[in-house]
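Subject: Structure handover

Hello,

Here is the structure I promised to pass on. Please open it first, then read my notes below.

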Amino acid sequence: MPAIPADVFFATIPELNARLASREISAEELARAFAARLEQLGPRFNALALPLPQHALRKALEVDKDIKHGRLRGPLQAIPYGVKDLISFAGQPTTWGARPFAGQVFDYSATVVQKLDAVGAVLTGKLAMVELAGGGGYRYASASLTGPGLNPWDRTRWAGGSSSGSAAAVAAGLVPFSLGSETSGSIVTPASYCGVTALRPTYGLVSRHGAMALAWTLDKLGPFAHTAEDCGLVLEAIAGKDSKDPGSAGKSFYYTPQYARPNKELRVGFARVDFAERAEAPARAAFAAALTVLKDTGVQLVETSLPQFPYGPVLSAVLAAEEASIFESFITSGKVEELADAAQIAGLKAALELPAKDYLKAQRIRRLIQEAFSRLFADVDALIAPGRPGPATKLDQRLDAGGPTAPAGTPPGFQGIIPAGNLAGLPALVLPCGFAENLPVALQLVGAPFSENTLLAIGREFQARTDWHKRRPPGV
Amino acid sequence: MKITRRKLAAAALVPAAALAQNQPALPRNPDEELNAARDRAKGLSDALARQSVPMATEPAFQFKP
């Protein structure tokens, strides 16, 4: 069998489609190459939870047969992928990244895995994550069954969490796309730190059936990939109504960039301070240049501000109450002590004591937040902010200590946009936008509920003018 | 400008001191850890209490009969 050219490992989905269509490469060759690469390089970044080479090969042979007989199933047919290890795959361990669940096996696959299987995508492995998606609040990057997620750009830096492996695997070219989850920041943060494109869908657009529940009213599953277009193609395959997910919005998604409104008609809100004083100094030049590129795409940038609410406390209260209920027996049985991170153990125990009034108050404030964002999106079509204020943190850095703070009196800008966006169920697209200290930094584009096509269209235009999403980490 | 050793030492200490102010002290044992988590929860409670909400505002649940 001929060796796979190295550029295949960083090819976009349409580029892989072209190679498959021209018979330059088969599903079997792709599966063998990606599965071997994931198995070989995944541990280098602590990104791999479980390799699935035999399953991948079986599925790829089936796909090749389908292709040979003209049974074409769309752009994801034959494309290898990985899933965060909180998404179940029947008969194989699903550890939720946590030692106490290391032997856990479900006899059914998550809806997203079933949907991807139906369109011929090839699952090559499960990807590492922060234990229990970090809901208890963790202090160190090492809060994982597989060790700290290492950043492919610099292994002394964190890959971000909690979908560490999902982001690192795409960044290192170990899978063309992956699935991760976000309750508050678990897609946006690792995508920003690893320099990959990712999409947090609107709450309810993608079924969570078969995925670990952390907070029912906040959890979302979404794709990591090389481009905005790839994210759109994956989202189309995984979105849709699912009666097995009580939070399902009952809506489908069709990736239709051809029907997107012209950029010149779009108003994108931003706060200048986010790209200056509130950004870490080494990242400011990249953020400023990215804003200029965004303006060049034709969108109207308008200064705006976020509605003022205590987003962090509201999100923390909702998360604490829901996770305490979900993991009650795990916490009270004492199994919680087997987790790796002391802060996470204490956080889960304390969550059991959260008064009902606080949860209800948080959910009532959340209603006001949703209404305020609804009014905001009557004026702007999207919001833009840095994905994170700076590049990936060092591995030994405390994650509960807060980052560098802006001088007193600095306007708040879009501070809290991650909890705000998650509380309001808003979609977010992460776009790599440059480098700081040789590490990637990114933008997050946040839109009204179910406005994914608008975000993806803007993202596609941005990526047509930049090559940050094409950069590869050294040594891979 | 002449910089004395004392000034240099003081200048070198500033970032560390600022950092120490930024970082909450590290709890040393599980009990302290739990108390710190409870304190954080109390902080949440206080922050929520400060936000006024109209009586008619219902929680943001979705109940589908």
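Helices (H or I, at least four residues) and strands (E, at least two) are DSSP runs, numbered from the N terminus.

A word on the source. This is a predicted model, in which local features need pLDDT of at least 70, side-chain atom pairs count only at pLDDT 80 or more, and totals for chains, interfaces and linings use all residues. Residues are numbered from 1 along each chain as its sequence is written, while chains are lettered from A and ligands numbered from 1 in the order in which they are written.

The scores are ipTM 0.87 and pTM 0.94.

Back to α4(A), residues 111-118. Its buried residues are A:Thr111, A:Val112, A:Val113 and A:Leu116. Buried means that 20 or more other C-beta atoms lie within 10 Å of the residue's own; 12 or fewer is exposed, anything in between is partly exposed, and C-beta atoms are placed from the backbone. The cover over these residues of α4(A) includes β2, β3, β6 (177-182), β8 and α7 (228-238) of chain A.

**The sheet**

Chain A holds an open sheet of 11 strands with mixed pairing. The order is β1-β3-β2-β6-β8-β7-β12-β13-β11-β9-β10. Two strands pair if DSSP finds at least two bridges between them. The edge strands are β1 (48-51) and β10 (300-303) of chain A, each pairing on one side only. From one strand to the next, the twist averages 30°. Helix α2 (residues 27-41) of chain A packs on this sheet. That helix touches β1, β2 (80-84) and β3 (122-127) of chain A, and its direction makes about 10° with that of β3(A). Contact means C-beta atoms, placed from the backbone, within 7 Å. Axes are lines fitted to C-alpha atoms, for helices over the stretch in contact, and angles run from 0 to 180 degrees between N-to-C directions.

Why is β12(A) largely enclosed by the rest of the structure? Strand β12 (residues 428-436) of chain A has 7 of its 9 residues buried, so it is largely enclosed. Here are its partners.

- β7 (residues 197-200) of chain A runs antiparallel to β12(A), joined by 3 bridges. A:Leu199 stands opposite A:Leu429 there.
- β13 (residues 439-447) of chain A is also antiparallel to β12(A), with 8 bridges. A:Gly434 has A:Val441 as its bridge partner in β13(A).

The hairpin of β12(A) and β13(A) has 2 residues between the strands, and A:Glu437 takes a positive phi near 55° in it. β7(A) also pairs with β8 (residues 220-225) of chain A, in the antiparallel sense over 2 bridges. There, A:Ala198 has A:Phe224 as its bridge partner.

Most residues other than glycine have a negative phi, and most peptide bonds are trans. A few spots depart from this.

- A:Asn46 has a positive phi of about 50°. A:Asn46 sits in the loop between α2 and β1 of chain A and is buried, with 22 other C-beta atoms within 10 Å.
- A:Ala78 has a positive phi of about 80°. A:Ala78 is in the loop between α3 (53-68) and β2 of chain A and is buried, with 26 other C-beta atoms within 10 Å.
- A:Gly161 and A:Ser162 are joined by a cis peptide bond, with omega about 10°. A:Ser162 lies in the loop between β5 (154-158) and α5 (164-171) of chain A.

**Core and interface**

The largest nonpolar core has 165 residues. Such a core is a set of buried Ala, Val, Leu, Ile, Met, Phe, Trp, Tyr and Cys residues joined through C-beta atoms within 7 Å. Among the residues that touch the most other members are A:Val122 and A:Ala317. Helix α9 (residues 311-326) of chain A gives the most to this core, with 9 residues. Beyond its neighbours within four places in sequence, A:Ala317 contacts residues including A:Leu354, B:Leu44 and B:Leu48.

That brings in chain B. It has 2 helices and 0 strands. Of its 65 residues, 12% are buried. 21 residues of chain B are in contact with 30 residues of chain A. Helix α2 (residues 30-50) of chain B gives the most to chain B's side, with 11 residues.

Best wishes

Terms used. Two residues are in contact if their C-beta atoms, placed from the backbone, lie within 7 Å.
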